[in-house]
Amino acid sequence: MDKKDMRICIVGGGPAGLSAGMYLEQKGYENYTILERLDRVGGKCWSPTYNGKRYEMGAIMGVPSYYAVHDVEEFCGITHDGPQLNRNYKNKDGKVIEPFEPKKNILKIPRLLKMKKQLKEFGELLETKYKGYDINGHRGVAEGRYDGFACTPEREPVSGVNPNLKDLALPFNEFCKKNGVELIQDVWIGPFTAFGYGYFDEIPAGYVIKYLDFQTTMNFVKVNLWTWENGTQYIWECLNDKLKNPARLNSNIEKVERKDGKVYVTVNGKVEEYDKIIVTAPLYIPGTRTDGMKGMVDYFDVRDDEMALFKKIDYERYDVQAVLTKPEDHPEISYYVFDNMVPERLGHLMVYYRRWKETVDQVITTYALRKHRNTNEIPYEKVRQQVQDDLKTMGNPASEVINEWSVYYFPHVFSADYADGWYDKVEAMQGKYDTYYAGEIMAFGDMDETAEYSRELVERFF
Ligand SMILES: Cc1cc2nc3c(=O)[nH]c(=O)nc-3n(C[C@H](O)[C@H](O)[C@H](O)COP(=O)(O)OP(=O)(O)OC[C@H]3O[C@@H](n4cnc5c(N)ncnc54)[C@H](O)[C@@H]3O)c2cc1C
């Protein structure tokens with residue numbers, strides 16, 4: 001059989017699965033099938049409509065270095081044409097503050113000056129001591145190597161030895177301390193913790209700086225952001241429409257058996273035969289979820305080595321509410337609440353978004369985390385109420401909640417497993433059972449890193 005005729009099953013019609021389809025197709029593999037569990041594509045890029053406009057329940061923005069998303073835009077003939085975002089800051093009591101403005105913080109001037117100096121030092125450290133840190137995925141990092149494709153539009157292959165990269169396994173706060181740049185956390189925390197990616201005392205630095213590489217962070221600082229008028233889901237809807245084999249929606253995968261060099265997938269009661277399978281859906285979910293989402297280990301003929309590794313995966317409990325306000329209570333802009341981005345304030349409102357600045361009859365979305373590594377999960381209802389109480393404190397009370405979800409978010413492993421080479425062990429299993437692992441866990445939980453990982457997976461193995 002011609003390799004290009006291989007029958008490839010892709011589990012999941014989110015950014016990772018759909019872009020895997022696109023890159024396969026571009027490489028001449030047209031015999032792929034994308035199975036999506038829900039009745040829509042886009043996964044965590046979910047942009048429902050209210051009053052004639054789309055709002056974001058999931059992904060909101062990108063930056064100019066989103067090269068894989070840009071590939072998709074080009075493939076579809078679309079561009080980032082959405083509203084320009086901007087934001088201000090409030091403290092936990094709802095008072096507007098300007099934390100980075102020296103004139104408004106006379107007492108903080110020494111700290112701000114120090115922070116500025118550390119920011120410069122950090123930029124240099126990343127380029128020198130941590131050369132190779134920003135490559136997509138985590139291959140080789142635990143062994144002090146980098147191996148992948150450069151974070152440039154051309155994505156040329158790069159690899160090398162850099163023992164300092166082992167530091168990326170440290171929790172980010174320890175990583176900063178080790179490098180004498182603790183104050184830069186004040187800048188990184190906004191687009192990290194507020195975006196639901198956990199706290200700096202629990203998440204390995206590798207995740208933080210691969211997503212928030214220096215360039216990306218500066219784009220956030222300067223609010224040099226991409227948005228899409230019809231929402232981020234539109235990118236993936238357009239891609240789905242362009243693909244030769246659009247995703248098959250409402251696919252309930254009951255069983256996957258891998259034997260005799262074939263993959264047998266039972267979908268909606270019928271067995272289908274494939275040669276390879278790419279999994280972009282969750283690999284492992286500790287506990288059960290009310291939305292019925294399962295980990296791959298629950299419906300595959302999972303092998304011991306897969307189970308042993310995937311059991312180490314945890315994820316964030318990140319809650320989003322879409323609320324309406326009375327016109328007079330509508331926030332004039334989006335607000336970040338830094339006070340609430342520390343573990344002691346778990347379950348509080350960290351950020352709330354106003355997407356459409358020219359109208360006050362649109363949706364405001366709120367964001368809160370519900371679990372820290374060292375705590376029990378706070379019950380959903382409690383955080384839901386807490387966030388609404390916080391909105392009142394902020395002076396922007398909700399009149400109605402029109403949409404909400406507690407999303408399976410940012411799968412990751414913790415420092416000990418990261419340092420123990422979790423990623424190299426999983427990478428070594430790629431293809432072993434005619435199975436390839438992609439999606440958020442393999443790189444990072446954002447649209448671009450997942451799409452980029454799919455690009456590289458296709459480049460490396462197909
Ligand atoms: C609130 C929020 C804000 C975010 N903000 C941003 C942002 O501003 N910028 C950014 O870049 N990213 C952002 N993200 C992250 C981004 O949306 C995700 O990282 C990205 O969607 C991951 O793509 P994926 O395909 O790996 O996973 P997903 O988007 O989760 O897609 C996985 C797909 O697999 C399907 N699936 C699951 N199980 C099965 C199964 N058993 N069978 C078949 N299909 C299955 C799911 O239904 C889903 O469609 C945000 C996410 C959220 C929730």
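The shell around the ligand is made up of 17 nonpolar, twelve polar and seven charged residues; here Ala, Val, Leu, Ile, Met, Phe, Trp, Tyr, Cys and Pro count as nonpolar, Asp, Glu, Lys and Arg as charged, and the others, Gly among them, as polar. You are looking at a predicted model, where local features need pLDDT of at least 70, side-chain atom pairs count only at pLDDT 80 or more, and totals for chains, interfaces and linings use all residues. Residues are numbered from 1 along each chain as its sequence is written.

**Around the ligand**
- Of the 36 residues around the ligand, Gly-12, Gly-14, Gly-43, Ala-59 and Ala-281 come nearest (a residue is near if its C-beta atom, placed from the backbone, lies within 6 Å of the molecule).
- Helix 1 (15-26), strand 17 (400-412) and helix 13 (447-461) each give two or more residues to this shell (helices are DSSP runs of H or I with at least four residues, strands runs of E with at least two, numbered from the N terminus).

**The nonpolar core**
- The largest nonpolar core has 131 residues, and Cys-9, Ile-10 and Ala-20 are among those that touch the most other members.
- Such a core is a set of buried Ala, Val, Leu, Ile, Met, Phe, Trp, Tyr and Cys residues joined through C-beta atoms within 7 Å, and buried means that 20 or more other C-beta atoms lie within 10 Å of a residue's own.
- Helix 1 gives the most to this core, with six residues.

**The whole chain**
- The protein chain has 13 helices and 18 strands.
- Of its 462 residues, 47% count as buried.
- The C-alpha trace spans about 70 × 50 × 45 Å along its principal axes.

Technical notes: A residue is buried if 20 or more other C-beta atoms lie within 10 Å of its own, exposed if 12 or fewer, and partly exposed in between; C-beta atoms are placed from the backbone.
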